[in-house]
Amino acid sequence: MPPAVRVRFAPSPTGLLHVGGGRTALFNWLLAHGQARRAGSDGAFILRIEDTDRARLVEGAEQGILDVLAWFGLTWDEGPDVGGPHAPYRQSERTALYREAAERLLASGDAYRCFCSPERLQAVREAQVARKEAPGYDRHCRGIERDASFARAQAGDPYVIRFAMPREGETVVHDALRGEIVYQNANLEDLVLLKTDGFPTYHLANVVDDHDMAVSHILRGEEWIPTAPLHLRLYAAFGWEAPSLAHLPLILAPGGGKLSKRHGSTSMEEFRAQGYLPEALMNYLALLGWSLDGETEIFSKADLLEKFTLERVSPSPATFDYAKLRWFNAHYINHIVALDDLVGRVAPFLADAGLVDRAAVADPSHPDRARARPAVALLKDRMETLAEAPDLLAPFLRDALESYDPALLVPKKGSSAETLAALEAVARMLPEVDLDDEAATEARFRALADELGLKAGTLFMPIRVAVTGRTQSPGLFETMRVVGAARCTRRLDAAIEALRALVPAPA
RNA sequence: GCCCCCAUAGUCUAGCGGCCCAGGACGUCACCCUUUCAAGGUGAAGAUCGCGGGUUCGAAUCCCGCUGGGGGUACCA
């Protein structure tokens, strides 16, 4: 059997999960559960929480990330909630490991204590910038004798542990998507491994953990490329084999630069709240950087597991296109998700708006589901997000119509008196009509239009407005069928009454 | 400033030396369908393949330079 492919997604619990992070998680998952398993090797997707920055930690963020990843449709084999052979999966619970690793490097001479204060560091940087030099640590403490260093530490001098980067030679990063990237060691920094508070930096923690957890492939964002050589040097210093690396292209904002609030939603949680379907979001995100053949656009989760290969991921950054995401979402709502399923997905939004009973959200057999179903069937083709459902469905699910301007009842080329007469005729005819028979209803109404000397559309529009309160709706006869005879009658009567007030009194 | 990455229509992309005076999708526009709005169908416009040099019989495809965009430059990840 080919060697196991073990990948990890390692979010920082500092807030909501960015869509870029969501895509990174997706590609990792697709590599392990898709490509690797297809090739007959074990593929494991590991979730690891990188909570070593105590200052930026946000309470509840970790759970939020787990929740949204599950909603997204990913499953992980090891993680903080499910455990696994390399537990714990939360870095704040693994600090002894990092301390130990740092001490090892200290002993071997690959690392040293740095007693410089943040103030001195800042001053050094400022002076360098003023002299137009590259800012960076000046290795001030690198020369301190081992005994002296130890003594100061014993005396309680606060310090960090820094990596003693080789001063000469070069480090070659093999990026699976870009080939070789060569760095001169001379301009790599002596990065901090262990902070004053005893927590590791990302650099130390990720190397120690990836090795400890037997991670075979690292798929992460492009913003990590510059630190890759540093990490490689760390693996070398420990005497460990480094995982293979691939840096995923950045997701850019429409105007260029980072995707931020200014452009719209940026987090997975927001897209969820706005009524995007996880499968639509997954489909869209998968295509942001990956393509099968340039032709196929629609991919289910199963399709992606079957088709995804890392080799077909592009190295060039992609702009996030909200309009295209909307198109995917609308497409899934209208053409892919089965009706009963869709009714269930729309239910929470309807419940929030008070259009269905809260109990209908969890209970597929709740009568409100059946009540909403025909309306959803009628409106789904104009629903781009689930959040639009309440507004679209309100005329069908509420008893009374929201108030509307009676002037809307009068067609552009008609008069209020003429419209009033037409609606009165419709109201008289209604009791004899079987709304469930759309074809028959249509035939009778068309005949009525003839009798009245009106064009069909000129008769239908006032009825539409009377029945829905709007000038836009699905086909009139399916609309009336779903609204039902009782409400149609009431709404028609209300419209007639409103219209009477508009008709000029006879002179 | 220094280091690094990227470069096909407004956007996502196909293309990995001849099948390409460049294919698909979103968006845009037009028409069809039609009782309105959508959805759907058909079609159109839109790319000197960022620019300039090479290599080659032949380059969007390979090489170099430039330009542009982006990332990094923290005791953040």
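What follows is a short exchange about helix packing.

Reply: This is a predicted model, in which local features need pLDDT of at least 70 and side-chain atom pairs count only at pLDDT 80 or more, while totals for chains, interfaces and linings use all residues. Residues are numbered from 1 along each chain as its sequence is written, chains are lettered from A and ligands numbered from 1 in the order in which they are written, and side-chain values use heavy atoms, with hydrogens and water left out.

Me: How are helix H6 and helix H7 oriented to each other?
Reply: Helices here are DSSP runs (H or I, at least four residues) numbered from the N terminus, and axes are lines fitted to C-alpha atoms over the stretch in contact, with angles from 0 to 180 degrees between N-to-C directions. The axes of H6 (residues 202-212) and H7 (residues 228-238) come within 10 Å and cross at roughly 55°. Angles under 35 degrees count as roughly parallel, over 145 as roughly antiparallel, 65 to 115 as roughly perpendicular and the rest as oblique, and therefore H6 is to H7 oblique.

Me: How many residues of the contact of H13 with H14 are charged?
Reply: Contact means heavy atoms within 4.5 Å, and in H13 the residues Arg-371, Ala-372, Ala-375, Val-376, Leu-378 and Leu-379 meet Leu-392, Leu-393, Phe-396 and Leu-397 of H14. Ala, Val, Leu, Ile, Met, Phe, Trp, Tyr, Cys and Pro count as nonpolar, Asp, Glu, Lys and Arg as charged, and the others, Gly among them, as polar. The contact holds nine nonpolar residues, no polar ones, and, as charged residues, one.

Me: What angle do H13 and H14 pack at?
Reply: The axes of H13 (residues 367-379) and H14 (residues 389-397) are 10 Å apart. The two helices are oblique to each other, and the angle is about 130°.
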